[in-house]
Amino acid sequence: MKTVEAIKVLWEWDRRGRAVFAVEDLRKMFPERSHKTFAEGLRRLVLQGFLERAARGVYVNSLSRLSKRYRIEEVAVCLRRGEYSYVSLESALAEYGAISQIPMSRITVMTTGRSAEIRTPYGVIEFTHTSRGERDILNSTIFMEGRPLRIARVEAALRDLRRVGRNLGMVNEEYYQEILEEQAAARIDSSNSVT
């Protein structure tokens, strides 16, 4: 693959809203005749700074103009493609303000895939396996426009925390109860406005 052509392809994908790619995606984007030629081209793009290796088999367009706000989640999605994954445990509870400590440079993700801890340039992704079914996951998580991963509802995040045997001492029960009451009131308001 020629560098100039590769940059044009990466630019076009960036324009379409995508900056994170599995190696299989890149193989389709740059269909080289041989595995060796592809591997050499990929290595060259990384050395020249056009691609960044985020994790094993996952690369990021270094020149992307897209927001990096959820880049770590984009990498997580790419790593567990074909599985159901969602932000939960300490990361979700911190977003709700239900725990006293905010995890820095780390995201906790429940997944139907295998558990693992993966270091990336954007922080550590901690995958924890769940055997919950698709319907249960969809009902206990929230989709947010523009966010790659769904996020657990506060009660689901606490349930996940208990299930995996994590430290419950950091959960602020008072805030947790307030959040539950606010969510219940919001659900009642939204159901009344529909009728």
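Which elements do the buried residues of α5 pack against?

A: This is a predicted model, where local features need pLDDT of at least 70 and side-chain atom pairs count only at pLDDT 80 or more, while totals for chains, interfaces and linings use all residues. Residues are numbered from 1 along each chain as its sequence is written, and side-chain values use heavy atoms, with hydrogens and water left out.

The buried residues of α5 pack against β4 (85-87), β5, β7 (123-129), β9 (150-152) and α7 (154-163). These names come from DSSP runs, numbered from the N terminus: helices are H or I with at least four residues, and strands are E with at least two. The protein has 8 helices and 9 strands. Packing here rests on contact, meaning heavy atoms within 4.5 Å.

Now to α5 itself. Of its 8 residues, 6 are buried, so the helix is mostly covered. Buried means under 20% relative accessible area, exposed means over 50%, and partly exposed lies in between (1.4 Å probe, protein chains only). The six are Leu89, Glu90, Ser91, Ala92, Leu93 and Ala94. Across the protein, buried residues make up 42% of the 195 residues.

Look at Leu89 next. Leu89 lies in helix α5. Leu89 counts as buried because its relative accessibility is 0%. Its phi is near 50°, a positive value in a residue other than glycine. Most residues other than glycine have a negative phi. After α5 comes Gly97, whose phi is also positive, near 80°.

Follow the chain onward. Ser105 sits in the loop between α5 and β5. Ser105 is not a glycine, yet its phi is positive, about 55°. Ser105 counts as exposed because its relative accessibility is 57%.

The largest pocket holds about 300 Å³ of space. A search for such space uses a 1 Å grid over the protein atoms alone: a cavity is a set of points where a 1.4 Å probe fits but cannot get out, while a pocket is an open set with protein on both sides within 12 Å along at least five of seven lines. Lining residues have an atom within 4 Å of a point. Grid points are joined across faces, edges and corners, and the volume is the space filled by probe spheres set on the points.

Of the 16 lining residues, the closest to the centre of the largest pocket are Ser91, Glu95, Pro103, Arg106 and Ile107. The elements that give two or more residues to this lining are α4 (71-79), α5 (89-96) and β5 (106-111). The largest share, 3 residues, comes from α5. By class, the lining has 9 nonpolar, 2 polar and 5 charged residues. Ala, Val, Leu, Ile, Met, Phe, Trp, Tyr, Cys and Pro count as nonpolar, Asp, Glu, Lys and Arg as charged, and the others, Gly among them, as polar.

The second largest pocket has a volume of about 180 Å³. Among the residues that line the second largest pocket are Gly17, Tyr70, Glu74 and Pro148. By class, that lining has 3 nonpolar, 3 polar and 4 charged residues.

Next, the core. The largest nonpolar core has 36 residues, and Leu93 is one of those with the most contacts inside it, along with Val58, Val75, Leu79, Ile125 and Phe127. Such a core is a set of buried Ala, Val, Leu, Ile, Met, Phe, Trp, Tyr and Cys residues joined through side-chain atoms within 4.5 Å. In soluble globular proteins, nonpolar side chains tend to be buried together. Leu79 touches Ala55, Arg56, Val58, Ile118, Ile125 and Phe127, not counting residues up to four places away in sequence. A second, separate core of 13 residues includes Ala6, Leu10, Val23 and Leu51.

Strand β2 (residues 51-55) pairs with β3 in the antiparallel sense over 4 bridges. Two strands pair if DSSP finds at least two bridges between them. Leu51 stands opposite Asn61 in β3. Strand β1 (residues 20-22) also runs antiparallel to β3, joined by 3 bridges. There, the bridge partner of Val20 is Val60.
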